[in-house]
Amino acid sequence: MTAPPTLYHPDDFANLRHIGPSTSEIESMLGELGFESLDALIDAAIPPEVKRSAPLDLGDPLTEKQVLKKIREVAAKNKVCTSLIGTGYYGTSIPSVIQRNILENPAWYTAYTPYQPEISQGRLEALLNFQTMICDLAGLEIANASLLDEATACAEAMAMAVRFTKSRARTFIVDHCCHPQSIAVLRTRARPLGIDLRVGNASEEIRSQEVFGALFQYPDTYGLVRDLREDIRHLHDAGATAVVSADLLALSMLKEPGALGADIAVGTTQRFGVPVGFGGPHAGYIACGEKYWRQMPGRIVGVSVDSRGRKALRLALQTREQHIRREKATSNICTAQVLPAVLASMYAVYHGPRGIRAIAERVNLLARRLATALEAIGFPPDHRDFFDTVTVNVGTKQSGILSLALAENINLRKIGSDRVGISFDELTDEVTLSSVCRAFGADSSVPLESGKFELPIDLLRDSAFLTHPVFNMNRCEAGATRYMRRLADRDLALDRCMIPLGSCTMKLNAAAEMMPVTWPEFGELHPHVPLGQAEGYIEMIDDLSSKLCALTGFDAISMQPNSGAQGEFAGLMAILAYHESRGENDRSICLIPTSAHGTNAASARMAGMSVVGIETNQDGTIDLETFEETSRKVGARLGATMITYPSTHGVFEPTIMRIAEITHRNGGQVYMDGANLNALVGLARLGDLGSDVSHLNLHKTFCIPHGGGGPGMGPIGVKSHLAPFLPKDPISPDAERSVSSAAFGSPSILLVSWAYVLLMGGSGLTQATKVAILNANYIAHRLRKRYEICYSGTNGLVAHECIVDTRLAVAGTCVSVEDVAKRLIDNGFHPPTMSWPVLGTLMIEPTESECKAELDRFCDAMLEIHGEIEKIRDAKIDPHDNPLKNAPHTIMDIVGDWGRPYTRSDGCFPAGAMKDAKYWPPVNRIDNVWGDRNFVGLQRTGNA
Amino acid sequence: MRYTKDHEWMVSRDGEVVVGITEFAANQLGDIVFIELPEEGATIEAGAEIAVVESVKAASDILAPASGVVTAVNDAIISNPGLVNEDPLGEGWFFRMEFDDSGEFDTFLGKEEYQLLTQE
């Protein structure tokens with residue numbers, strides 16, 4: 001039925017497009033829950049002391065057209081120049097076929113982290129390609145599926161080296177010719193680990209003292225290509241570890257780190273077709289030799305088999321993760337940069353080894369021609385062995401040359417007061433070359449000579465790379481398009497169904513919010529451009545920051561952390577620096593409820609804090625008396641309390657403010673984990689509840705898509721007293737507590753959150769929160785008929801998610817919670833969060849974006865699954881051969897001998913499955929044990 | 001056979017103590033996929049984390065039951081961690097060690113005491 005014309009406001013993005021349920025659906029759900037209005041439900045769900053009465057004022061919601069127009073105006077304030085600044089960021093061209101089929105395709109960008117491998121085979125294959133690409137180029141045996149950026153990859157390598165080096169030395173050498181942002185992040189990370197970090201001439205430093213490892217940049221930040229073999233041999237003789245941060249494109253021509261003897265290689269994959277974006281997001285990489293692979297942080301894709309013995313991929317070694325190891329975890333990394341990693345891997349699939357090598361050779365040739373020309377006019381390069389970067393000592397002419405270049409629309413790198421760096425890249429052409437020459441005062445003819453700057457012969461690569469067929473068969477665009485489509489079709493993302501993952505907030509990533517991300521005014525900005533060229537970015541970041549402050553009650557925001565976990569680390573570092581500034585250096589204990597996400601404890605350890613667990617009640621709530629007693633006992637050593645609100649059990653605990661107050665009374669600071677912010681926006685503010693610092697997962701609450709497992713953003717908000725201790729720009733001379741390669745983390749995706757906030761306005765955001773709470777309570781209400789809902793707060797209501805206990809339902813059968821989860825795949829759903837925070841449960845968060853029909857389809861599926869379990873219990877069907885144990889079902893099941901005690905239709909078309917749009921998982925249940933016992937993390941011809 | 005509260009078993013044989021994890025522990029962990037053992041000849045302190053066991057659902061540390069020296073390790077379980085699930089009390093042993101204080105062996109839990117612990 002069509003609504004009367006007066007009720008239809010086509011421009012109402014918030015209510016009509018972002019929020020799933022219509023007005024009448026909202027009414028009907030409220031009716032079932034027994035509430036007269038949405039506000040009545042909210043008043044009953046949220047404790048009055050927590051709820052804020054003043055409405056959220058962020059301006060009126062804008063229409064899609066208005067927002068895009070506004071962002072266009074802001075984009076125009078960025079000045080796009082050709083940046084030849086280098087320092088780890090290079091111009092690159094994303095092939096259109098990859099931009100359209102992956103970066104702009106919701107099948108890729110709305111997918112979740114591939115924890116459920118049966119529905120993630122497409123991106124797992126792309127990530128296996130990524131790992132293969134890294135191993136090949138680096139010449140090492142194992143690579144992970146990406147890290148947050150180059151600087152954190154360096155820091156992770158240093159932490160790995162501490163773990164596996166037998167030497168008792170605590171000194172780590174960083175060559176002074178590493179990128180400055182990597183040095184800054186290493187400084188931040190070394191101190192709390194008790195590592196003595198020394199920056200200097202590494203060749204000398206490693207010979208003058210006992211060290212456990214050293215980091216070299218290859219080619220170095222000034223472009224020099226140096227033979228590292230002597231230094232690496234020396235390190236090995238001393239029992240120390242050699243880490244090389246290497247440029248991927250250069251490695252197609254230069255001897256690979258593995259061949260030089262390096263134990264670990266790290267770097268960024270940005271120049272493989274990922275826009276610079278004023279600093280990110282990009283995928284960092286790390287690779288190591290086989291003997292160290294167990295120490296490797298982050299996610300690793302491995303090959304296994306499914307229940308039919310067919311090759312199937314999944315994440316390997318999951319038990320090393322922080323949520324299981326907690327304070328014993330060796331890293332707090334929870335995420336990767338899947339989408340940028342997929343883009344980079346597809347760049348390699350598209351260009352192939354010969355293409356990549358040709359791009360590299362062209363870059364090198366142009367750089368050689370530049371050096372020849374500059375030498376001819378009296379500017380000999382600082383070093384003659386370079387790949388793409390020429391550094392010249394220009395004495396007093398520095399500022400003149402820089403401004404002449406700028407007049408040509410070119411940014412060069414200013415080094416000290418008398419040197420200039422020029423880094424060429426894939427986009428550099430003859431026009432760029434002659435412009436640069438002109439800036440140096442050469443005449444306008446394009447130099448053609450290049451012969452005097454050959455790369456050293458004994459550093460030329462002589463091994464093959466990217467030899468697997470996948471890198472050699474997708475040259476033509478038809479082939480490439482179909483390959484990407486084939487992979488996308490294997491995966492279940494938000495473009496097909498609700499992803500009801502508790503604590504992950506898989507809400508709509510609207511098309512309009514995504515569009516500006518690929519505009520060149522945002523994509524092509526180098527993070528080190530003069531700020532005058534980035535006025536649009538600065539305006540956007542300032543406006544988003546002030547809006548986020550208004551809705552959280554904080555005074556300042558740092559956009560630097562690239563993930564929630566990194567936000568936790570940055571926040572705790574700010575707390576420690578604050579204590580230190582007051583002479584309270586002993587405040588190093590962090591109180592964390594035992595029900596908290598394990599990452600909290602891992603982050604606290606990384607910040608050098610000791611974790612004291614606070615026992616929680618059966619229902620996950622904190623007992624105030626116990627808490628008070630522990631805080632008092634810890635006394636002058638209390639640094640911080642880390643707590644999630646609403647609790648990890650999805651409940652609005654009314655005691656939150658008392659916990660904050662007790663912490664403050666004992667001299668501690670409160671870190672509130674913002675993972676569940678989607679339950680609070682517009683209704684309550686973490687700052688008002690007593691938080692001193694919190695991270696906001698922009699990839700949850702503020703619509704940055706999960707990208708199949710990254711990029712994320714975890715900016716931190718702080719109260720004013722902590723503002724001086726926020727992370728500083730890693731390339732500024734006074735860099736302190738920097739946690740990312742770039743000052744604003746991953747600025748290009750902040751556009752998504754900004755667009756969202758503009759589209760929704762304060763009223764829309766508030767309504768979204770209310771509907772998120774309504775949707776969760778509606779699911780809890782419907783499922784309560786058959787399952788126990790674990791925890792609820794006041795009036796039996798949950799917050800924005802609910803924990804469904806399957807234990808009672810499956811009691812007396814051998815059905816596991818995993819069987820229930822996998823059966824949801826047959827129903828066309830991404831399974832919810834499993835066995836967290838309580839074993840044997842499913843945590844379901846529908847978000848506000850799902851309409852009633854999708855919620856009902858989900859509830860119908862869950863209720864039918866309960867019926868299937870009953871049949872097993874009543875011995876009406878075989879306990880081991882039934883739809884749950886055999887889930888998920890694939891086409892291979894129906895084409896062969898069926899031979900099962902239930903029909904094909906019962907197996908493959910349960911209640912939730914859409915008859916005309918059935919999702920068929922490409923593999924059956926995957927054998928995790930086989931894969932972990934027989935680890936393979938590469939594309940091999942004919943493996944498994 | 002003696003037991004620790006951390007689900008390790010010990011057998012004293014020719015002045016050495018053989019150490020492994022109990023059947024209960026192996027069942028709780030599920031399919032074991034990776035094991036890291038101490039080095040032969042290593043001097044270990046009671047309570048120190050000296051080995052790691054990973055299954056597909058959990059990772060846990062093995063603590064040294066007493067101070068002493070590791071005299072042998074079972075390489076077979078490194079290449080085939082499933083042995084610990086199949087035969088935790090036999091072929092799935094972890095390492096042998098010499099206690100600094102050989103009298104300490106008898107201070108550990110007996111069979112009944114350990115069984116009580118696992119029934120809780």
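1. Seven-stranded sheet, chain A. In this predicted model, chain A contains an open sheet of seven strands with mixed pairing, in the order β14-β20-β19-β18-β17-β15-β16. The edges are held by β14 (556–558) and β16 (610–614) of chain A; each has a single partner strand, so one side of each is left without a neighbour in the sheet. From one strand to the next the twist averages 25°.

2. Pairing and packing on that sheet. Strands β15 (residues 589–593) and β17 (residues 638–644) of chain A run parallel and are joined by three bridges. L591(A) has T641(A) as its bridge partner in β17(A). Helix α21 (residues 564–581) of chain A packs on the sheet, where it touches β14, β17, β18 (669–673), β19 (693–695) and β20 (716–718) of chain A. The direction of α21(A) makes about 165° with that of β19(A).

3. Helix pair α4/α20, chain A. Helix α4 (residues 64–76) and helix α20 (residues 535–552) of chain A have axes 6 Å apart and pack at an angle of about 130°. On the α4(A) side the contact is made by V74(A), A75(A) and A76(A), and on the α20(A) side by G536(A), E539(A) and M540(A). By class, this contact of α4(A) with α20(A) comprises four nonpolar residues, one polar and one charged.

4. Helix α27, chain A. Helix α27 (residues 817–826) of chain A is mostly covered, with nine of its ten residues buried. After α27(A) comes G828(A), whose phi is positive, near 80°.

5. In soluble globular proteins, nonpolar side chains tend to be buried together. Here the largest nonpolar core has 310 residues, and those with the most contacts inside it are M158(A), A214(A), V243(A), I286(A), A287(A) and L343(A). Helix α25 (residues 747–783) of chain A gives the most to this core, with 22 residues. Leaving aside residues up to four places away in sequence, A214(A) touches F172(A), I173(A), A202(A), I206(A), L235(A), A240(A), A242(A) and V243(A). Another core, of 31 residues, lies apart from the largest one; V33(B), I62(B), A66(B) and W93(B) are among its members.

6. Six-stranded sheet, chain B. Chain B has an open sheet of six strands with antiparallel pairing, ordered β1-β2-β3-β9-β8-β5. Its edge strands are β1 (2–3) and β5 (43–44) of chain B, each of which pairs on one side only. Two bridges link β1(B) in the antiparallel sense to strand β2 (residues 8–13) of chain B. Within this pairing, R2(B) stands opposite M10(B) of β2(B).

7. Interface between the chains. Eight residues of chain A are in contact with eleven residues of chain B. On the side of chain A that touches chain B, α13 (322–325) and α31 (928–933) of chain A each supply at least two residues. Of the elements on that side, α31(A) gives the most, with four residues. By class, the chain A residues there divide into four charged, two polar and two nonpolar.

Terms used: Residues numbered from 1 in each chain as written. Chains lettered and ligands numbered in written order. Predicted model: local features only at pLDDT ≥ 70, side-chain atom pairs only at ≥ 80, totals over all residues. Contact = placed C-beta atoms within 7 Å. Nonpolar A, V, L, I, M, F, W, Y, C, P; charged D, E, K, R; others polar. Core = buried A, V, L, I, M, F, W, Y, C linked by C-beta atoms within 7 Å. Buried ≥ 20, exposed ≤ 12 C-beta atoms within 10 Å, placed from the backbone. Pairing = 2+ DSSP bridges. Axes fitted to C-alpha atoms, helices over the stretch in contact; angles between N-to-C directions.
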